[in-house]
Amino acid sequence: MPEDILVDIKKDYVLAKLREGERIDGRKFDEFRKVEVKVGVIEKAEGSALVKLGNTQVVVGIKMQPGEPFPDTPDKGIIIVNAELVPLASPTFEPGPPDETSVELARVVDRGIRESEAVDLSRLCIEVGKNVWMVFVDIHALDDDGNLLDASAIASISALMNTKIPASRFGLGEDYELPINDLPISVTSLVVGDKFLIDPSRDELSVGNSTLTVSVDRNDNIVAMQKSGDYLLSEALLEEIIEASIGAAKKLREEIIKQISKS
Amino acid sequence: MSRPDKFIVDGKRLDGRLPDQLRPIKIEVDVLKRADGSCYIEMGKNKVVAAVYGPREAFPRHIQDPSKVVVRYRYNMAPFSVEERKRPGPDRRSVEISKVSKEAFETIIMKELFPRSVVDIFVEVLQADAGSRTACINAASVALVDAGIPVKGMLTSVAVAKVDGTLVLDPMKEEDNFGDADMPFAFLIRGGKIESIALLQMDGRMTKAEIKDAIALAKKGAMEIYNLQREAIMKQFVEEEE
Amino acid sequence: MRKIVLPGDLISTNPKVAGYGTYVEGDKVYAKIIGIFEQADNSIRVIPLKGKYSPSVGDTIIGIVREVASNGWNVDINSPYQAFLPLGENPETKPGKKLNDVLDIGDAIIAKVLSIDPRMRVTISMKDKICRAIRFGRIVAINPARVPRVIGKKGSMIKLIKSELEVQIVVGQNGLIWLNGDRRKVAIAEEVVYLIEEGAHTEGLTDRVGEFIRRRKDVQT
């Protein structure tokens, strides 16, 4: 992947600030960038959300259709998360089949939703063993100014909360709202030496791609974690990050609920 | 396979193990002639073989890095390795496992010693039980040493799961499929001690306190595996001596 | 049995003594490869038991020409890196003589490592008197990590082979060894080389090798 030439220039600045105990945009170390959530932006989709996290922008659309259940869960709906990092979103993204970064992103978002049991899959059964609702969560990156992962997770759960099951279109009665039980928040930290920065911006990521993602449910349980990047993590720092992630998730969750209920 | 009513009966797990007990492990070193380093591991019913090639000239040339070695890691499951035939080639799960495993090894390989070259780590899962990614990392770690590649230390990998509210070491298939949480680790071991975390994933549901306990349990298991890895490597030289 | 260490083994807390096969972090010296731990007065090192040849300046190596370019030859030196032999570093080059008449693809040579740049581009030379194109004799290959044992302490093992078998022997640091002389004696020398490779980590090797050679010679005569 071609790297932005500005990366090297930014890196020194970020590190210099960090030594003074500051972030380049003045945020606290455990503070997310400003978040904006708009739901229902795509009328043709069953549910959708456009999320801005700082300058990072992601749109998620939900499509649903009946389909055959997995043999080991005959009475449960199916949820499939897919991510496309289209070349429009960054000079470093290339067209073609999903690379390891987008596969990882989709799978980590998927785990946050799945493990928090945010979507009540047991209420998506149409006919046991034969027909269940399939929920396709498609993440479409628009602008990668850092931390696409958390932005994608916010957009995914917001879009799901906005989803109406298109029962009438398939002759299965009246449309109804997708049953949602939780609002998991994914919190990604950039690890720099023995420090960490929650919700790193693109400029901050110029110092490296050593991250840890911690997904937290509404009861402060950890539902998913992913260490990404070639760095060694100490046990002490891991505990610190988990603690901070729980706090940051709580704040962000409240903000998202506020914004969704307004729109 | 269906969900068992209980995972732990009279303090014992479905396969008779205690919560902090590993499955039987068998390690053989230098099992492939063509590879520069190799290792075969059985961890429970997992049977995996790892091969390391390199450092060797990197092709195609555009993948070369003028300042350091490029590390590639390919986790691949044989079509016959699971109950229902797996379609050959990489799926999304394999791509992700390959990525995080590669990154774990990048933390220990002394990359700057071999600019413009590549180290290839290939792991083939011949039979998959639960925890195949951990078995693969353990095999790859031994194969790297066997290839004589300069590394900071060895990687040792093990998972911890949560079933019926209890943390269990090195989960079996049932615990992995139906448990409440699964947390694979890889640790860097140096000077005979666990030093830091090179790979960490988690899915399921755990409290902060449970995660702390899970780390402690994983460390205990990892030390046991490390001793077996060591023993297996040393064994080749003892045999030659006789 | 000699002490074998593995990567990550803590072998000293005095960074000043760190030698080959080790690395320093803070005040600790660790092994970075699998090998035999060796301690001298004020240095410790790990003699590799496995691994690829990594060229270093001054090494004598044996290589095989892979490509004839306009200004020299690209030579496979059994390492992650090909080496380049420039026209001017081969004394056999003469004006008007075509390059592939001097050395052609597949030819084996004995050469010395002249320089290595930071990107590991290796240049070799044939100007030293030990260097030559190999047109007769045998080349055998062993694990490059075992080369120091074939040479022996201050060349003792080579001396032993030479004096007992009256063969010419040039040991390339890259694991390729050239043997030349009486056909039957070369055959014994080849076996000896493999014997040393196999038992590189064991003690009393020189004695065993000496005995082996004498026994073999008895069988042949």
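Guide: Angles between axes under 35 degrees count as roughly parallel, over 145 as roughly antiparallel, 65 to 115 as roughly perpendicular and the rest as oblique. The structure is a predicted model, in which local features need pLDDT of at least 70 and side-chain atom pairs count only at pLDDT 80 or more, while totals for chains, interfaces and linings use all residues. Residues are numbered from 1 along each chain as its sequence is written, and chains are lettered from A and ligands numbered from 1 in the order in which they are written.

Visitor: At what angle do helix 3 and helix 4 of chain C pack?

Guide: Two packed helices are described by the angle between their axes and the distance between the axes. Axes are lines fitted to C-alpha atoms, for helices over the stretch in contact, and angles run from 0 to 180 degrees between N-to-C directions. Helices (H or I, at least four residues) and strands (E, at least two) are DSSP runs, numbered from the N terminus. In chain C, helix 3 (residues 156-165) and helix 4 (residues 183-198) pack at about 155°, with axes 11 Å apart. Helix 3 of chain C and helix 4 of chain C are therefore roughly antiparallel.

Visitor: Which residues of helix 3 and helix 4 of chain C make the contact?

Guide: Two residues are in contact if their C-beta atoms, placed from the backbone, lie within 7 Å. Helix 3 of chain C contributes C:Met157, C:Ile161 and C:Leu165, and helix 4 of chain C contributes C:Lys185, C:Ile188, C:Ala189, C:Val192 and C:Ile196. By class there are 7 nonpolar, no polar and 1 charged residues in this contact; Ala, Val, Leu, Ile, Met, Phe, Trp, Tyr, Cys and Pro count as nonpolar, Asp, Glu, Lys and Arg as charged, and the others, Gly among them, as polar.

Visitor: How many residues of chain A are in contact with chain B?

Guide: The contact joins 26 residues of chain A with 25 residues of chain B. Strand 12 of chain A gives the most to the side of chain A that touches chain B, namely 7 residues. That side of chain A divides into 11 nonpolar, 5 polar and 10 charged residues.

Visitor: How many bridges join strand 12 of chain A to strand 11 of chain B?

Guide: Two strands pair if DSSP finds at least two bridges between them. Here 4 bridges link strand 12 of chain A to strand 11 (residues 193-206) of chain B, and the strands run antiparallel. A:Met225 stands opposite B:Met202 in strand 11 of chain B.
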